[in-house]
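Hello,

Here is the structure I promised to pass on to you. Have a look at it first, and then read my notes below.

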Amino acid sequence: MTPASVVHRVLIPVAFALAASATLPAALPAPDSLPPAPPLRVGVGGDYPNGLDGQLSARGYPWERIFPWEMSKPEVLGKFDVILLSCVPETLSGVDTALANWMKAGGHAYVETWTAQNRFPLQSLVNIYTNAPTLGDVVLTDPAHPIAAGLDPAKPFDMHHLQGLCAWPRQRDAGAIVARYCLDKGTAPIERAPAIIDLPVGEGRLVYSGAPVSFARFHRGRSPEGLLVGLINYLLPNGPAPRLLYTEPANTAPPGDGPRLVLPPSEEEEAEEQPPPEPEPPPPLTPEVGTPPAGFELLGSLAAESYDVLAQLSPAAGNGEAPTLVALDARYDAAGKLRQPCLWLTITPQRLEVRSGKEPRGKPLAAADCTVPTEGVPLHILRRQGELSIILGATQVVQVRTKSPLGGGVALRPGATALNEPTCQPVAPAVFDDSFMREADSPTPWTPVSGIWKNLGVGNEEYSINGFYYLGRGDQSGALATAGDWFWEDYSLTAAVQTSAAAIEVGLCALVQKSGDYVALTADASKARLVRHLSGSDSVLAEADGGLIPKQWYRLGLRLSSGTLEATLDGRPVLSCANPEYRPGIVGLLARNGSARFDDVVVRPSDEAPRPWGDEGSPHAVLPPSLGAHDMVTWGSPATPWEADPERPSLLWHDGLYPGDFDVTLKVEPVSEPALRRFILAPSYSSPESERLAITLSLLPDSASLEAGGAPRKSLPFGTVPQTPPTRRGLRGLCPVDVASPNGSSLPAVPTLRLSRRFGRLTAFWNEEPVLRLDKADAPRRTGLEVFGPPVGAKDLAARSLTAHDYVFGVAPTDWWVSAGEWQVSARWACDDRWSWLAGWASGDAAIWHKRRFDGDLAVDCWMGTKMNAPGGSETVRCRDYNMVICGDRENPRSGYSLIIGGDSGVKTQLLRNGQVVAESPDIRVPAGYNVHHCWFRVRMSRIGNVVSCDFERRPVFRYEDPDPLPGGYVGLWTKNSGILVPRVTIWGSGG
């Protein structure tokens, strides 16, 4: 079979391209000055392919998965220029002959093996004669070989104690030894222990490694990365031409202790939970306050901000009839006289009066009769801009509008009533977060008031995705735990909750007092209620039918704003009423009649827009701070969503669907040579050039320009903004927008280009200044970036569909509904319970659904793995049922369009339409064997118009045109008689 490397050497036509001999101009490169790259097809396979395809994605190279059962098929191998194989499965036959014939015809291959395999591939070309040292690393021995370009020949590559094999060419003079083994952490190569050999095979080439370089990269981390990249670059037919560049943070896990990603210090400091800061000392008395007159005690001095004064008010023995005085917002001169009017609170055992002036007997503002009980009563003074409120016990006795400015001193003079333990507190916004990711005996911000409270979880909090929660158990009187600051007011409180039985009632409490009073949102299986708990009794303020189904996660919310209580369930308003509680207070969690789980508590000021914890369900969820090497070469890599077009390798398509508003952002790093970055927006990947919109950024080391479709360019400011704004002119429907920045203002060291579509209008922003605009740009649903010149950093490139929903399940799955089986965070491996993910398992069906309905076009990307110790037999043979459904009914996983990967004991791959088989693909299934112990697999479904598309491991499986397309519905994930883990799901669509 003639390989693709022979038949695909002619250049394909590409828009804006000239002949292959075109050279870069000395000025800004023109979009039509660069030749296209020739097609490139790379096949990746074996038991552990993710280390290989992860490195290809990280550099923007195209690749396609080769399944084990295809490796012996000449028609499959013949599609590729390069084939990279990590540990060919032992049970396959015919692979050696097919692969050797493919190389003889001109193919380039990399093949690696290791001691865990009993059969070694290509034995007709390579002789495996002994094991490598048990604790052996790999060191280069031929610095002149192209594989060693840019690498340190004296630095060993850590194999993390994955023992390799020694390999010689069958014909001793036929090849070259590129690397040998050395002792662990050593540098001296062992002469008779070759690790990597390079030999010609007919018209092609084979690089054979007895060391599992790719597997070590995938399984343990970055240390073999340089060697692996060198191997790949050497085999590319036209040499290295990376379009992306991504290298994740270093892996510092000790060998044999499991994979562990450690963030760099700047990111780690932000990601790690920090202990609460020590309380700051009270601010010093400011000169503006001065010294109060004799008999007054200065309680505190404050800037122009809201504050509270709290004290216990009680009768004072022996002080006669003199009233107690409180001066608010007081500023004194050197003689102790007020420099301007302040607010006066005069307190007697029977009356409160509020006046304004320089003397206590100033202008009356408000008054209230009161009786101070012998045992005392809490006094709470709330001073806000333009307002003063006074609360005795649980009753607001004064609320008055004021004109005097905030700030100054709070001074007290005792009289016939006593103010015990007075406190003056500036009011700060209510800000609090807790995901309970800590061990049971770790410090906690929560105070159990009643009932039983425990911090529980799965595995180790440092590695678990979200395996920890707060469990409350109470009887009919309830279990209450509290947190926060006593002066909080006007805030929103949200938390994820899950009950274990229908009789259990859960609640979010707000404005909790020392006395135990509070207001709350409570819910059970039948109703949701707003209640006030006062003096030990509950009174219902509002209620609605419909409650919480046991064993489902919900997000409850309680918002206090402008005297109103508002309750939400999964973000939807369900109840509202007037707030009868005037006192500020802390927050609380409540459980009655059994146990309930709480997670992901968030408290914010009520006027702050709510934001999902960890941005779960937003266009881009926040990755957890600690990931394994397995994750960072697959679903956790920012390079993975960008897929190079094998027919046009310079073009990287983002795999998202963009039916509505979106943002595409590129940080423009300095270049040392001319470069182009061309954004391409298209209705589909296959759209002709006439339907594509291209916006091209041309770069030189000290200048840049932007243009659309090859029309006259628009210069962009580098370093400083030009004095004269750019001239307005048309660019094929794109209009430049004047930049009104002042001359000479500084620009960021790394400029940013952002394309933003809102309501069908596309605007290009340079450092957030609009520079181009297109009024009609609603057709494109796909976005790509073509890269000429130096590569683009994958972390510097981001595409966000504002209608997308991204989940890494770093929080409780409150957006998801379980219809069958068990779904919770669980350890992936029985041998190492630290690594845990959202998992579903059952003897029978296990199905979980997104709670929102999606109508119109949509696409769903999901990564899945096989869970150990799940029902259905051994993990290594239970490689089945990585299933997904779209347009479903949220109950039956076979409703809607349901994709089954490896059903019926792993042999059937089918597409169902409302339970009926409409397509089958017996050649696509989950690769069986020990590899499922480590690998993540990618499943994708989309419905565009009446076409349903299904992909597995970036391979098309089905393209089904439905003559009677189903209406919208729900997205679901499911398996049967098995267990799957789900580290990430992204739903792209216009609904939801």
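Two strands count as paired if DSSP finds at least two bridges between them. Please keep in mind that this is a predicted model.

With that in hand, take strand E14 (residues 324-330) and strand E15 (residues 342-347): they run antiparallel and are joined by 5 bridges. One of the residues to look for is Thr-324, whose bridge partner in E15 is Ile-347.

Both strands belong to an open sheet of 6 strands with antiparallel pairing, in the order E12-E21-E14-E15-E16-E17. Strands E12 (297-302) and E17 (363-369) are at the edges; each has a single partner strand, so one of its sides has no neighbour in the sheet. From one strand to the next, the twist averages 15°.

Next, the aromatic rings. The structure holds 25 aromatic pairs. Among them is the stacked pair of Tyr-48 and Phe-215, with 3.9 Å centre to centre and 20° between the planes. Tyr-48 is in the loop between strand E1 and helix H2, while Phe-215 is in helix H5, 167 residues apart. Tyr-48 counts as buried at 4% relative accessibility, and Phe-215 counts as buried at 2%.

Trp-453 and Phe-598 make a tilted pair, because their planes are at 45°, with the centres 5.7 Å apart. Both residues also belong to one aromatic cluster, which includes Trp-446 and Tyr-470.

Finally, two charges sit over rings. The charged end of Lys-867 is over the ring of Trp-841, 5.1 Å from its centre, and that of Arg-925 is over the ring of Trp-69, at 3.9 Å from its centre.

Enjoy exploring!

Note on methods: Residues are numbered from 1 along each chain as its sequence is written. This is a predicted model: local features need pLDDT of at least 70, side-chain atom pairs count only at pLDDT 80 or more; totals for chains, interfaces and linings use all residues. Side-chain values use heavy atoms; hydrogens and water are left out. Helices (H or I, at least four residues) and strands (E, at least two) are DSSP runs, numbered from the N terminus. Axes are lines fitted to C-alpha atoms, for helices over the stretch in contact, and angles run from 0 to 180 degrees between N-to-C directions. Rings of Phe, Tyr and Trp (its six-membered ring) pair if their centres lie within 6.5 Å; planes under 30 degrees apart count as stacked, over 60 as edge-to-face and the rest as tilted. Buried means under 20% relative accessible area, exposed over 50%, partly exposed in between (1.4 Å probe, protein chains only). A charge sits over a ring if NZ of Lys or CZ of Arg is within 6 Å of the ring centre and within 35 degrees of the ring normal.
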